[in-house]
Amino acid sequence: MSDRHPMFMPVIVFGGLLFGFGLGYSNMAQPEVVLDFLQFTDFGLLFVMFGAAIVTGVVFAVATRSNRTAPLTGDTYTRRLKSFDRNVLIGGSIFGVGWGLSGICPGAAFASVGVGNYPILVAIAGMFIGAYIQGVWRSTKAEQAANAVNAD
Amino acid sequence: MLSTTAAIGLLQTGVIETLFPNGIGQYAIGGLFVGLGVAVIYLGTGIIAGASTTLESTLSYVSGQSRFQKYRLSRDWRIVFALSTVVGAAFWALLFQDGIWTTDVQLWRLFLGGVLVGIGTRIGKGCTSGHGVCGVGSVSRTSLVGVVTFLITAIATAQIVMAFGVVP
């Protein structure tokens, strides 16, 4: 960690500032606006998600074809490709129910704190509790699986 | 036939106003900034930053559960990223918002929704930024399926909640 490039953290900060500024600008920090989308009264959210995805899509495509490595880490540029299994459907469904109930997701929740929306701290606390519950459950499951292998 | 073009024109004006009563400018421009934030970090470091991993990586500071330990190496910059998101939105609020803004969505919805978001995003391998922005930008089939899945259940949930007269 100490051998990180001195510009590593400043770049993370700059990226985070832009990310948060954009979530504020697009009103995604307001759960009401997200709920308006999910209830079909304002479809603007599509422009936020796909507008952002077009930017990342172009940048990812150019960078992965460039044969260059990231200047601050020396890492190769890759795309975000996760393996598919039923967890994507199960987790995605649970996430969707939560998102539809509250109108808030993790990035927008952080941005919401920035616009002064202190009640959102209740949602963030909920997210940590939820992440903790699945962490305990999956850690236990992983340990049981490891024990079962050892027992064989 | 003769008025097809005119009809389409009329329809479009009405449709656009109905679908986007607040216009599309702030959404598209905000989305570009969100994408640029991800792009800056990616071009500098090769890291594809999603927001929801921060939940687990931060829990590794206070919990010894094995599930969280794989995030130990990234947990410091992930907190920095989350805090910068807060500050970035605060910059926006200082420039464009009159004072602080608070939601009217009921606290039980925020809390229960938050718990489900926390569970679901980690099991489902991503959230609206991880799957929605970074995964779709990667043309990842897994993420496209993830996005469609959470859009369907989110729309269904929000519609049911509205049908029960819970506002907001």
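**Entry 1**

I started with A:Phe40. A:Phe40 has 13 C-beta neighbours inside 10 Å, so it counts as partly exposed. The cut-offs: buried means 20 or more other C-beta atoms within 10 Å of the residue's own, exposed means 12 or fewer, partly exposed lies in between, and the C-beta atoms are placed from the backbone. The model is predicted, so I note its limits: local features need pLDDT of at least 70, side-chain atom pairs count only at pLDDT 80 or more, and totals for chains, interfaces and linings use all residues. Residues are numbered from 1 along each chain as its sequence is written, while chains are lettered from A and ligands numbered from 1 in the order in which they are written.

A:Phe40 sits in the loop between H2 and H3 of chain A. Helices here are DSSP runs (H or I, at least four residues), and strands are E runs of at least two, numbered from the N terminus. The phi of A:Phe40 is positive, about 65 degrees, although the residue is not a glycine. I flagged this because most residues other than glycine have a negative phi.

A:Asn67 also went on the list, with a positive phi of about 65 degrees and no glycine to account for it. Its place is the loop between H3 and H4 of chain A. A:Asn67 has 8 C-beta neighbours inside 10 Å, so it counts as exposed.

I checked A:Arg86 and A:Ser102 next. Which of the two classes, buried or exposed, does A:Ser102 fall into? A:Ser102 is buried, because 35 C-beta neighbours lie inside 10 Å. A:Arg86 is exposed, with 8 other C-beta atoms within 10 Å.

I then took C-alpha distances. A:Ser102 and A:Glu32 are 70 residues apart in sequence and 8.9 Å apart in space. A:Arg86 and A:Met127 are 41 residues apart along the chain and separated by 22 Å.

Leaving out residues up to four places away in sequence, A:Ser102 touches A:Pro31 and A:Ala123 in chain A, and B:Val105, B:Arg109, B:Leu110, B:Gly113, B:Gly114 and B:Val117 in chain B. Contact means C-beta atoms, placed from the backbone, within 7 Å.

**Entry 1: the contact of chains A and B**

How many residues does each chain put into the contact? Chain A gives 108 and chain B gives 111. In chain A, helices H1, H2, H3, H4, H5 and H6 each supply at least two residues of the side that touches chain B. H6(A) has the largest share, 20 residues. That side of chain A divides into 66 nonpolar, 34 polar and eight charged residues. Nonpolar covers Ala, Val, Leu, Ile, Met, Phe, Trp, Tyr, Cys and Pro; charged covers Asp, Glu, Lys and Arg; the others, Gly among them, are polar.

I looked at H4(A) against H8(B). Their axes come within 7 Å and cross at roughly 35 degrees. Axes are lines fitted to C-alpha atoms, for helices over the stretch in contact, and angles run from 0 to 180 degrees between N-to-C directions. The crossing is right-handed: the near helix is turned clockwise from the far one by less than a right angle, with anticlockwise being left-handed. The contact of H4(A) with H8(B) holds 15 nonpolar, nine polar and no charged residues.

**Entry 2: helices of chain B**

H5(B), residues 75–96, has 22 residues and reaches 32 Å from its first C-alpha to its last, close to the 32 Å expected. The expected span is 1.5 Å times one less than the number of residues. Its buried residues include B:Trp77, B:Arg78, B:Phe81 and B:Trp92. The buried residues of H5(B) pack against H1 and H5 of chain A and H3 of chain B.

H6(B), residues 107–123, has 17 residues and spans 24 Å, close to the 24 Å expected. Of these 17 residues, 14 are buried, so H6(B) is largely enclosed by the rest of the structure. B:Lys125 follows H6(B) and has a positive phi, near 70 degrees.

H7(B) and H8(B) have axes that come within 8 Å and cross at roughly 145 degrees. This crossing is left-handed. On the H7(B) side I found B:His131, B:Gly132, B:Gly135 and B:Val136; among those they meet in H8(B) are B:Thr142 and B:Leu144. The contact of H7(B) with H8(B) divides into three nonpolar, six polar and no charged residues.

Last, I noted a cis peptide bond between B:Val167 and B:Pro168, omega about -20 degrees. B:Pro168 lies in the segment after H8 of chain B.

Technical notes:
Contact = placed C-beta atoms within 7 Å.
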